[in-house]
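Here is a brief report on one protein chain.

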Amino acid sequence: MRAVGWWAATVAAAWCARGGGFSFVGTDPEFTGYSVQVDLADPEKLKFGRQLTPTGMYFQTQPGHFGMVEFDGGASHRTGPITLAHVQAVLRRISQTDVTLTALHVATSWTDRAQQATEYRRGRVLLAGDAAHIHSPLGGQGLNLGLGDAMNLGWKLAATVRGEAPDGLLDSYFSERYPIGEQILAWSRAQVSIMRPSPHARAMEAIIRDLIATRDGATYFADRVWNASMRYDLGDGHALAGRSAPDFEWTDGTGLAALLADGTGLLIDVGDRAPLRSIARRWGDKVKYVGGDVKDRLGLTALLVRPDGIVAWACEGEANPEDAVEAGSRWFAVHDGG
């Protein structure tokens, strides 16, 4: 039997953060979760898919591959080796069957503990990913959350190390990412609330299912799971500012991702205007000017895109070069004079 290592990395990151003097706040676990791969003597006794029971939940994705949730307050998480006998006992309690396991190949445990660091930076130490926030892995949102931290922090840290960062750039990492972490932790707690083995939770789950069956409901829940409408508060301006840049494709087939690959900002000018081209030229290699038409403008004429793909400034109609200069100064320490 071998243990899956992702939870170990999570625990190690959190312990390192605490060792650095960071404080975590949040909620304690309500359950112990398990991910296991087993051999069954009587596989017909267990259904596939997600099964809610009076004592918890199990889901079987393929023969012998299980996730299990037992509402024990996290009492069985990391208290000792996960044995065949223990997994069988838990699965029997949750499934309310006398299923028999003949082999245990992979096993790990986890909980729904939802906690977040109260700050992401102490001097030269910065937190990202599991070191900054921990929550239930249900829904797989932690991966995108950690990647989002890294994308937001990476270019800001690089600019700071190079001595090219404008005032407050590195501090904006916390102000932008902390609220996103808060949202994911709240969503994780909401998921747990309808998993509880109680009549109240079952009633709430039925309502949620009805909502998901509607077009607006499905759109809302998909958006929350994927965080598709994530927006950083960059102040007043175009509605697109603070959101991920549209996945533009230029008429020559070039895509936005390819243009962002070298880690520089982009001044996208779909009208190929001389004033914007001139400004970008004076900005040097901090921002790349990209002119030319795109296949679908979405009504936009110009955008300033940060290296993490977030729109810093956008406009429709005639672009005001002074607005572009102001946005460039805020994020790249560039101005009209270079």
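Arg-78 is partly exposed, with a relative accessibility of 40%. The model is a predicted one. Arg-78 sits in the loop that links strand E5 (65–70) to helix H2 (84–95). Its phi is near 55°, a positive value in a residue other than glycine.

Leu-298 also has a positive phi, about 60°, and is not a glycine. This residue lies in a loop as well, between strand E12 (287–291) and strand E13 (302–305). Leu-298 counts as exposed because its relative accessible area is 51%, and the cut-off for exposed is over 50%.

The two residues are set out below.

| Residue | Phi | Relative accessible area |
|---|---|---|
| Leu-298 | about 60° | 51% |

Now the whole chain. The protein chain holds 9 helices and 14 strands. Its C-alpha atoms fill a box of roughly 75 × 45 × 35 Å along the principal axes. Of the 338 residues, 43% are buried. Take the contacts between residues at least 6 apart in sequence: 66% of them join residues at least 24 apart.

What does the surface come to? The accessible surface of the protein chain is about 16600 Å². Carbon and sulfur atoms account for 55% of that area.

The protein chain carries 33 positive and 39 negative charges. Their mean positions are 4 Å apart.

Notes
Residues numbered from 1 in each chain as written. Predicted model: local features only at pLDDT ≥ 70, side-chain atom pairs only at ≥ 80, totals over all residues. Heavy atoms only, no water. Helix = DSSP H or I, 4+ residues; strand = E, 2+ residues; numbered from the N terminus. Buried < 20%, exposed > 50% of the residue type's maximum accessible area, 1.4 Å probe, protein only. Contact = heavy atoms within 4.5 Å. Areas by Shrake-Rupley, 256 points an atom, 1.4 Å probe, with all protein chains shown as cover. Lys, Arg positive; Asp, Glu negative; His and termini not counted. Charge placed at Lys NZ, Arg CZ, Asp CG, Glu CD.
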